[in-house]
Amino acid sequence: MKQPKTKLIILFFAAIILIAVFMLIKVTPYNAGYVLPRRAIKIIAIVLTGGCIAYTSMVFQTITNNRILTPSILGLDSLYLFIQTIVIFFFGSKNFTMMNSNVNFLVSVGIMILFSTILYVMFFKRESQNILLLLLVGIILGSFFQSLSSFMQMLIDPNEFLIVQDKMFASFNNINTNILLLSIIIVAGVVIYTLRFSKFFDVMSLGKDQAINLGIDYDRVVKNMLIVVAILVSVATALVGPITFLGLLVVNLAREFMKTYKHTYLIASSILLSIIALVGGLLIVERVFAFSTTISVIINFIGGTYFIYLLLRERKAW
Amino acid sequence: MVKVKNVSKQFNGKNVLENVSLSIEKGKITSFIGPNGAGKSTLLSVISRLTKADSGEVLIDGVDINKEKSNVLAKKISILKQSNHINLRLTVKELVGFGRFPYSQGKLTKEDEQFVDEAIKYMELDSIQHKFLDELSGGQKQRAYIAMVIAQDTDYILLDEPLNNLDMKHSVQIMKVLRRLVDELGKTVVIVIHDINFASVYSDNIVALKNGVIVNDGSAKSIINSQILEDIYEMEIPIQEINNQKICVYFA
């Protein structure tokens, strides 16, 4: 149990078993043809979303050198929903970008990248990075986007509101399958692109000064990674909607469980944990609660409980 | 040789460095001294590319640091800042291993391992090399960080207040190590230091800064002079010769 590799293998098999249970539960030869492809699509969406959320949270914590920040705390997913609301508010749900999911998706990703570039210029390029200021601005912007979105949602036609509402809540029963293929392509591209950066993460977690001292082109790496984060958050939010707690939860769970600083292990384990949490959560929602609750509730509940546990344990350690 | 040419730097409209020019001799220990806020640490940060100067240039062995690849510079010059808060759970050996990143990009080769072991031995960390950093005392931590810099194996080593918060024993130990780095391995060491007696006893050259300007620059013997020090620190600093070392007696 001591070796990170062993732990990773355990997580891998746990994820595989959960996926198998999810795929095969109550499958009979008669309904297999109907059930399996639909479940497979859910699983693909889960793997993509879970992977994106875990990866972006881990990378974001590394470049900000902070274990509480996640992209959703900075309001990146509320920005995504804000963009959706704006488009519907000004152009209606029948316009071209809303009708064609892929165009809508690409436009939103573009705006998200723009936003993260602004974030970069405002905070990361400056000499004294003030993490509290970044956090404060993130929270303010996040609630700003949310309030503005809900204000616009009040004003629009109820039928159009339904379309916005559909995007507002995380749900795996309502996966945006139209963009699944595009998401897979984008994520694959991003993964290939970011592989070359992965060796930098361990050093970057030593802090900006040490990273520069050890020869990392810090500004370039941070800029690139912020854009990658913006793209992947867009993919996750567009596919299933905002799952606020998940990133924070799995990244910290991964750190606790793996007890290593090596990002190869940390990233892999947080992605696996994310998949386990989502598939497990979905099983509970579908089989235990028979759809009477949503996966966000389950994840926020488990996540919250875990954090209280962490707090209590830390208090004892003092 | 490190050459600093007309470097200026402003923070929030205040001049921290004003038109600073300086040459740092190779194979010597150079100490930056001066009152708080004189710009010593900023100058060190500019030389090590952690802070970008507003104007002027820094040449290391004739190469402009802004035109050289960061990874190439990391094999030439290393810096250790005074506050090192790392929230990772690292052992001493793992930390020292990070010093090899410019060479190995994270995958330690046999040669890297050898450098790491030597650096650990050099700083006498053998017995605690598998301990976690958060289990160590301030002095041990500081030695571990210096071991990391030694493993980085650069010609130029810059240290920002390496004696900060250390007791006399550890201070002397670290200064002796720096002396050995220069005398035995031919490194060039530049330190920011507040204790002028350590500067007097261990350094070859002293650069005195005040209000962002270099007010004096020369051999340690010539700078440790009552009149010069009084100009720098605005207080009377009598100097005694004890065992052939110039010691400032400014305590009363």
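Colleague: Why is Glu286(A) called buried?
Modeller: This is a predicted model, and in it Glu286(A) has 9% relative accessibility. Buried means under 20%, so Glu286(A) counts as buried.

Colleague: And what makes Lys42(A) buried?
Modeller: Same test: the value for Lys42(A) is 16%, and the cut-off is under 20%, so Lys42(A) counts as buried too.

Colleague: Why do you call Glu286(A) and Lys42(A) a salt bridge?
Modeller: Their side chains come to 2.8 Å, N to O. The rule asks for a Lys or Arg nitrogen within 4 Å of a carboxyl oxygen, so the pair qualifies. Glu286(A) sits in helix H13 (residues 263-288) and Lys42(A) in helix H2 (residues 32-64) of chain A, so the contact ties together parts 244 residues apart in sequence.

Colleague: How many salt bridges does that rule give over all chains?
Modeller: The count is 15.

Colleague: What makes Lys187(B) and Asp153(B) one of these?
Modeller: The N to O distance is 2.7 Å, and the limit is 4 Å, so they pass. Lys187(B) is in the loop between helix H7 (168-185) and strand S8 (188-192) of chain B, and Asp153(B) is in the loop between helix H6 (138-152) and strand S7 (156-160), so the bridge links parts 34 residues apart in sequence.

Colleague: Buried or exposed, what would you call Lys187(B)?
Modeller: Buried, with a relative accessible area of 8%. Asp153(B), at 26%, counts as partly exposed.

Colleague: Why is S8(B) said to be largely enclosed?
Modeller: 5 of its 5 residues are buried, so the rest of the structure largely encloses S8(B). Thr188(B), Val190(B) and Val192(B) point one way, while Val189(B) and Ile191(B) point the other. In a regular strand the side chains alternate between the two faces of the sheet.

Colleague: What makes S3(B) and S8(B) a pair?
Modeller: They share 4 bridges, in the parallel sense, and at least two are needed, so they pair. Ile29(B) stands opposite Val189(B) there. S7(B) also runs parallel to S8(B), with 5 bridges, and Leu158(B) stands opposite Val190(B). Together S7(B), H7(B) and S8(B) make a right-handed β-α-β unit.

Definitions and conventions
Residues are numbered from 1 along each chain as its sequence is written. Chains are lettered from A and ligands numbered from 1 in the order in which they are written. This is a predicted model: local features need pLDDT of at least 70, side-chain atom pairs count only at pLDDT 80 or more; totals for chains, interfaces and linings use all residues. Side-chain values use heavy atoms; hydrogens and water are left out. Buried means under 20% relative accessible area, exposed over 50%, partly exposed in between (1.4 Å probe, protein chains only). A crossover is right-handed if, with the strands pointing away from the viewer, the path from the first strand over the helix to the second runs clockwise.
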